[in-house]
Structure formats: C-alpha cells, structure tokens
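These are my notebook entries on one protein chain.

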Amino acid sequence: MNQKEFMQLVNPFKDKIFRIAKRLLVSTEEAEDATQEVLVKLWNKNESLDEYKSVEAVAMTMTKNYCLDQLKSKRASNMKIVHNNFTDREAGLQQKVEDRDTWNWVEKIMNDLPEQQKLIVQMRDIEEMEFEEIGKILEMNEPAIRTALSRARKTIRETMIKTHHYGIG
C-alpha cells in the first residue's frame with residue numbers, strides 16, 4: 001500500500017481519532033500527538049491492514065489504548081477528561097449562556113462517571129457510533145454497552161435534576 005492509498009483509507013476517520021483522543025486527554029497538543037502516534041502505528045501495519053474487517057475499529061481501539069496508557073503514565077497526572085466543543089450557533093445570547101452552563105454541569109458529572117461509561121457516552125452520544133462498533137473497540141457485547149450507557153445517562157439526568165431543582169417545589 002502506498003502513501004496515497006493509506007491516506008484515502010484513514011482520511012474518513014482521522015478526525016474521529018482526534019476527537020476521542022481530545023475527549024480522553026483534554027489537551028489539544030496531546031490529542032494531536034495521540035492521533036499522529038496512532039496513524040504512524042497504522043502506517044507501520046499498512047501491509048496487514050487488509051486482514052482487518054474494520055480498520056476504523058482497529059484505529060479507535062489503538063487510540064483508546066494509547067490515551068489510557070498516557071493517562072496512566074506519570075506525565076499525565078494532571079490531565080482530566082472534559083469536552084468543550086458544545087455550541088449552539090443559532091441560539092441567542094441567553095440560550096448560549098444557558099447551554100454553556102448546562103454543558104459545564106454535564107462535563108462535571110461525566111468526570112465522576114467510571115472510565116468505561118465516559119467512553120461509551122462519548123462514542124455513542126457525541127461521536128454517534130453504532131453499538132456494534134463500540135463493542136468492537138471496547139471489546140464488550142451490545143447488551144453490556146446498552147446497560148452502561150443507560151446507567152451513565154441516568155446518572156447524568158438524575159444529577160442534573162437534583163442540581164437544577166434543588167429547593168424548588
């Protein structure tokens with residue numbers, strides 16, 4: 001496989017690699033490094049990529065593993081998981097302020113979720129990935145993913161209700 005063929009293969013999902021890395025590592029620079037590292041690893045395997053049913057799933061798994069390794073390493077001791085891509089371009093100023101506040105609360109709540117639930121919420125609700133694809137990446141079956149997603153959403157929803165309705169009626 002030459003460089004042009006490789007780029008045609010990875011271009012459709014390289015932004016997804018970056019977004020997952022950004023979700024896990026927070027830092028744009030760290031996410032760029034992770035993306036580059038995964039692409040280099042894929043390039044080094046370019047002769048055997050035809051053997052995989054889904055190169056994208058392999059890339060997502062590599063990204064997840066690389067980022068988790070970085071989070072576990074000593075240099076990652078100050079990193080945390082956040083997401084700051086939420087904006088509503090059509091809303092007025094008041095709505096934008098409310099949306100930003102709500103998203104900040106959701107980010108805080110997501111930080112308290114177990115690592116696996118964070119990843120599942122990110123992949124399903126933000127990346128809009130299918131359950132089958134998430135299952136391949138996280139090496140889980142669909143019912144377990146659905147259960148974890150349901151629990152994560154329930155935790156987020158209940159915490160938001162407690163936060164916004166505290167002392168009301």
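**Entry 1: conventions.** I took helices (H or I, at least four residues) and strands (E, at least two) as DSSP runs, numbered from the N terminus. For the expected span of a helix I used 1.5 Å times one less than its number of residues. The model is predicted, so I noted that local features need pLDDT of at least 70 and side-chain atom pairs count only at pLDDT 80 or more, while totals for chains, interfaces and linings use all residues. Residues are numbered from 1 along each chain as its sequence is written, and side-chain values use heavy atoms, with hydrogens and water left out.

**Entry 2: the whole chain.** I found eight helices and zero strands, and the order from the N terminus is α-α-α-α-α-α-α-α. I counted a residue as buried under 20% relative accessible area, exposed over 50% and partly exposed in between (1.4 Å probe, protein chains only). Of the 169 residues of the protein chain, 40% are buried on this basis. I took a contact as heavy atoms within 4.5 Å. Among the contacts with a separation of 6 or more, 65% join residues 24 or more positions apart.

**Entry 3: helix 3.** Helix 3 covers residues 28-44, which is 17 residues. Its C-alpha span from first to last is 24 Å, close to the expected 24 Å. I listed its buried residues as Glu30, Ala31, Ala34, Thr35, Val38, Leu39 and Leu42. An α-helix has 3.6 residues a turn, so residues three or four places apart point the same way. The buried residues of helix 3 pack against helix 1 (3-10), helix 2 (14-25) and helix 4 (55-72).

**Entry 4: helix 3 against helix 4.** I fitted axes as lines to C-alpha atoms, for helices over the stretch in contact, with angles from 0 to 180 degrees between N-to-C directions. Helix 3 and helix 4 pack at about 130 degrees, with their axes 10 Å apart. Angles under 35 degrees count as roughly parallel, over 145 as roughly antiparallel, 65 to 115 as roughly perpendicular and the rest as oblique. Helix 3 and helix 4 are therefore oblique to each other. A crossing is left-handed if the near helix is turned anticlockwise from the far one by less than a right angle, and right-handed if clockwise. The crossing of helix 3 and helix 4 is right-handed. From helix 3, Glu30, Ala34, Glu37, Val38, Lys41 and Leu42 take part in the contact; from helix 4, the partners are Val55, Val58, Ala59, Met62, Thr63, Tyr66, Cys67 and Gln70. By class, these residues are nine nonpolar, two polar and three charged. Here Ala, Val, Leu, Ile, Met, Phe, Trp, Tyr, Cys and Pro count as nonpolar, Asp, Glu, Lys and Arg as charged, and the others, Gly among them, as polar.

**Entry 5: Lys16.** Is Lys16 buried or exposed? Lys16 lies in helix 2 and is buried, with a relative accessible area of 17%. Leaving out residues up to four places away in sequence, Lys16 touches Glu56, Met60, Glu127, Met129 and Glu133. I also noted a separation of 9.8 Å between the C-alpha atoms of Lys16 and Thr63, which are 47 residues apart along the chain.

**Entry 6: helix 6 and its neighbours.** Helix 6 has 12 residues and spans 16 Å, close to the 16 Å expected. Its buried residues are Gln117, Lys118, Leu119, Ile120, Val121, Gln122 and Met123. Their cover includes helix 2, helix 4, helix 5 (93-111), helix 7 and helix 8.

The axes of helix 6 (residues 115-126) and helix 8 (residues 142-164) come within 9 Å and cross at roughly 95 degrees. Helix 6 and helix 8 are therefore roughly perpendicular to each other. Gln117, Ile120, Val121, Arg124 and Asp125 of helix 6 meet Ile145, Ala148, Leu149, Arg151, Ala152 and Arg153 of helix 8. This contact has six nonpolar, one polar and four charged residues.

With helix 7 (residues 131-138), the axis of helix 6 comes within 10 Å at a crossing of roughly 145 degrees, and this crossing is right-handed.

**Entry 7: positive phi.** Most residues other than glycine have a negative phi. I recorded Val26, with a phi of about 70 degrees, in the loop between helix 2 and helix 3. Val26 is partly exposed at 21% relative accessibility. Glu128 has a phi near 60 degrees and follows helix 6. Glu128 is exposed, at 63%.
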